[in-house]
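User: I'd like to learn how to read the features of a protein model, one at a time. Could you walk me through this one?

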Amino acid sequence: MNKGIDVSSYQGVVDWKQVKSDAVEFAILRAGYGREISQKDSSFERNYSGCTENNINTGAYWYSYALSADEAKKEADACLKSIAGKKLNYPVYFDIEDKTQLGLSDKRLQDIAVAFCNEMETAGYWVGIYSYKSFLESVFTEDFLKRYSIWVAHTGVKATDFKYDHGIWQYSHKGKIKGILSDVDLNYGYIDYPSMIKNAGLNGYTKPDVTPYREHTVSKNESLWEISEKYLGNGARYTEIKKLNKLESDTIFKGQVLKLPEK
């Protein structure tokens, strides 16, 4: 279980070095709200830099006012522009809870959330949904709640009884953390999002090369053609060995260890 917080411009200027010293392992930063890039959170850039400089794992959230799927797509576009160029090793969450949305039908609300998430996923992001427990349980279908990463708010209890799997539990709105003068939301995280997101090549990360290969130690006077013929069944495939090993010429030497592609 990991200790986390979520912040926005309401927390003012955060001393992230002090936050790190208080054993905070991750932070979810408000990137903005609404449909316009002008609604980007004024503290997002500063908070992102503070987290990265102090090795605090970082995600983001976008506060929604959308009343239709089309408006949610516009919010996703504003979010994408706000977080462009950033590497986020926690999900990007769609924060759906505003009082203007409460009169909408459950289907409309779910369509709004799906529209935002689809836009973000198409752009290469790991997305999730944030809201309070009763809203999540009463509005969204089971299939939906199992489809996306869930960040549930449930305060005033020793343990949440939210009935679906969730990666983060927000358990307090009145936390005290070093380096933050105001109250701050406190969270527990249960999933290794950094490893999963990096391995998936999402949220600004490049997917690692997992091409399977074997290794061969070069013998005296051995050539790339001979090695390719022996292990790949075709000497002409020596170019694949060159590419895998980033060789600029055909010259190899005794004792050199080469990676060989699988047949």
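This is a predicted model: local features need pLDDT of at least 70, side-chain atom pairs count only at pLDDT 80 or more; totals for chains, interfaces and linings use all residues.

User: Happy with that. How many helices and strands does the protein chain have?

Analyst: Helices (H or I, at least four residues) and strands (E, at least two) are DSSP runs, numbered from the N terminus. The protein chain has nine helices and ten strands.

User: What share of the residues counts as buried?

Analyst: Buried means under 20% relative accessible area, exposed over 50%, and partly exposed in between, using a 1.4 Å probe and protein chains only. Of the 263 residues, 48% count as buried. For contacts, meaning heavy atoms within 4.5 Å, consider pairs at least 6 apart in sequence: 62% of them join residues at least 24 apart.

User: Now the strands. In what order do the eight strands close into a barrel?

Analyst: Strands of a sheet pair through backbone hydrogen bonds, either parallel or antiparallel. Here two strands pair if DSSP finds at least two bridges between them. The barrel's order is 1-2-3-4-5-6-7-8, with mixed pairing. On average, neighbouring strands of this sheet are turned by 30 degrees against each other, direction ignored; axes are lines fitted to C-alpha atoms, for helices over the stretch in contact, and angles run from 0 to 180 degrees between N-to-C directions.

User: Which way do strand 7 and strand 8 run, parallel or antiparallel?

Analyst: Strand 7 (residues 168–175) and strand 8 (residues 184–189) run antiparallel and are joined by five bridges.

User: Which strands does helix 4 lie across?

Analyst: Helix 4 (residues 106–122) lies across strand 3 (57–63), strand 4 (92–95) and strand 5 (127–132). Relative to strand 5, helix 4 runs at about 150 degrees.

User: How many salt bridges does the structure hold?

Analyst: Side chains of opposite charge can pair when their charged atoms come close. The cut-off is a side-chain nitrogen of Lys or Arg within 4 Å of a carboxyl oxygen of Asp or Glu, and the structure holds 14 such salt bridges. One of them joins D77 and K81, at 3.1 Å from N to O. Because D77 and K81 are four residues apart in helix 3 (residues 69–83), about one helical turn separates them. D77 is partly exposed, at 37% relative accessibility.

User: Where do E137 and K133 lie?

Analyst: E137 and K133 are both in helix 5 (residues 133–139), again four residues apart, or about one turn. Their side chains meet in a salt bridge of 3.0 Å, N to O. E137 is partly exposed at 22%, whereas K133 is buried at 16%. Salt bridges that share partners also join K40, E45 and K86 into one network.

User: What does H154 contact?

Analyst: Leaving aside neighbours within four places in sequence, H154 is in contact with K133, T160, D161, W169, Q170 and Y171. H154 sits in the loop between strand 6 (149–153) and strand 7, and is buried at 16% relative accessibility.

User: Last one: which residues should I check for a positive phi?

Analyst: Most residues other than glycine have a negative phi. A23 has a positive phi of about 70 degrees although it is not a glycine; A23 lies in the loop between helix 1 (16–21) and strand 2 (26–33) and is partly exposed at 48%. K246, also not a glycine, has a positive phi of about 55 degrees. K246 is in the loop between helix 9 (238–245) and strand 10 (257–261), and is exposed at 74%.

How values were computed. Residues are numbered from 1 along each chain as its sequence is written. Side-chain values use heavy atoms; hydrogens and water are left out.
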